[in-house]
Amino acid sequence: MSKSEQKSSSSSNPGEQAASAASAAAGEIIQPAPTPAPTTLTEAIRYYSDPAACVAVIREQRRRGGGEPECPYCHDARRKHYWLANQQRWKCAACRKQFSVKLGTIFEDSAIPLDKWLIAVWMVANCKNGVSSYEIARDIGVTQKSAWFMLHRIRLAMQDDWSGGKLGEVGPGGEPAAPVECDETFIGGKARNMHAKKRKQVSKRRNYGKTIVMGMLERGGKIRTAVVYDRNKQNLHEQVEKHVAVGAEVFTYELISYWVLEEKFAHQVVNHAMRYVEGNVHTNGLENFWSLLKRGLNGTYVAVEPFHLFRYIDEQAFRFNNRKDSDSGRFLKLLKKVAGKRLTWLDVTGRGLETAGGEV
Ligand SMILES: [Zn+2]
């Protein structure tokens, strides 16, 4: 018996010990008693240094409602697939092919071992201001280029699938929803520090290379964000209609593009002059999110390409939307989202591996 098994069996209750003794007598393989799930980064590093623990936690998060995940080959989701304990993989009940916990997830095709992946996932899920590829590279022992690519895959998993209805929806018991704050912010655009070629690219856009991000926040609840190319009426309305329930109370600034919102929403306009003293009508919740986002972008990330920006926003929005969870809760929620997502090097860079360099 290994050291860790001794430690874990000594902490289990006497009933379990008796049961494992009985199964040992019958010649069965004794599974170590489950140790408590990690709650801190240090505990997570220790816990997931065991490859079996890595497979177990991903398997558990990929099971849907107690069932097994969809087969990545034939997409059969109805039948119960077999779990081959010795091979640590599933066997499809329909097409009989085998698949590992990594297949069909952001971890697929990666040479980085799962323990390193899980620690990177933990770090990204829980670092409030974000974490750079340099930090990940140093902490888990991979190259910065690998860490940069891992980060992009993790951010893809963090993308919101916008399930769970619209913002500002009346509750099932008719309870009124919190107001929805809508506002935009400008990000980036330090054009004079850019390479000449890049500067030419961004200067073609409006707003002098700055990217406009629109945010909609149900007060005390979730945020949804969108990158918009222009603050015109059509763009902003499209987003509000997409994400906010009809009839919801919507707070915006005096921006003229929002003016016709009255037709569908209980629209209230924040008075600029009295921005912070307008009582209930303000967008301070959203301001907090923007400052969190910008702190992360300015402090942690060296430079953000405009076309990558939406992924950084997704990352910050994920942490914000799950801010009431514990570190381990957020980690497990993120792990639940790794399946069905694929991102190749070409997707991220538009270039081949040999010419690419990490920006962040
Ligand atoms: Zn299958």
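In the predicted model, buried residues account for 30% of the 360 residues in the protein chain. The secondary structure of the chain amounts to 13 helices and 8 strands. Of the contacts between residues at least 6 apart in sequence, 58% join residues at least 24 apart.

The largest nonpolar core comprises 63 residues, and those with the most contacts inside it are A120, V121, I136, I154 and V250. Helix α5 (residues 114-126) supplies the largest share of this core, namely 10 residues. The core also draws on two domains, with at least three residues from each of domain 1 (39-158 + 323-360) and domain 2 (180-304). In soluble globular proteins, nonpolar side chains tend to be buried together.

Strands β1, β2 and β3 form an open sheet of 3 strands, in the order β1-β2-β3 and with antiparallel pairing. Because β1 (82-84) and β3 (98-99) each have a single partner strand, they stand at the edges of the sheet, and one side of each is left without a neighbour there. Strand β2 (residues 89-91) pairs with β3 in the antiparallel sense over 2 bridges, and W90 stands opposite F99 in β3.

H75, which lies in the loop between α4 (51-62) and β1, has a positive phi of about 60° although it is not a glycine. H75 counts as exposed because it has 11 C-beta neighbours inside 10 Å, and the cut-off for exposure is 12 or fewer. D109 is located in the loop between β3 and α5; its phi is likewise positive, at about 65°, although D109 is not a glycine. With 10 other C-beta atoms within 10 Å, D109 is exposed.

Strand β5 (residues 211-218) is mostly covered, as 7 of its 8 residues are buried. Strand β4 (residues 180-187) and β5 run antiparallel and are joined by 8 bridges, with E184 opposite M214 in β5. Strand β5 is also joined to strand β6 (residues 223-228), again antiparallel, by 6 bridges; here L217 stands opposite I223 in β6. The strands β5 and β6 form a hairpin with 4 residues between them, and G220 in the turn has a positive phi of about 80°.

Strand β7 (residues 249-252) is covered on both faces: E249 and F251 on one side, and V250 and T252 on the other, are all buried. In a regular strand the side chains alternate between the two faces of the sheet. V250 is also among the residues with the most contacts inside the largest nonpolar core. The pairings of β7 are parallel, with 2 bridges to β4 and 4 bridges to strand β8 (residues 266-269).

How values were computed. Residues are numbered from 1 along each chain as its sequence is written. This is a predicted model: local features need pLDDT of at least 70, side-chain atom pairs count only at pLDDT 80 or more; totals for chains, interfaces and linings use all residues. A residue is buried if 20 or more other C-beta atoms lie within 10 Å of its own, exposed if 12 or fewer, and partly exposed in between; C-beta atoms are placed from the backbone. Two residues are in contact if their C-beta atoms, placed from the backbone, lie within 7 Å. A nonpolar core is a set of buried Ala, Val, Leu, Ile, Met, Phe, Trp, Tyr and Cys residues joined through C-beta atoms within 7 Å. Domain bounds come from an automatic or database domain assignment. Two strands pair if DSSP finds at least two bridges between them.
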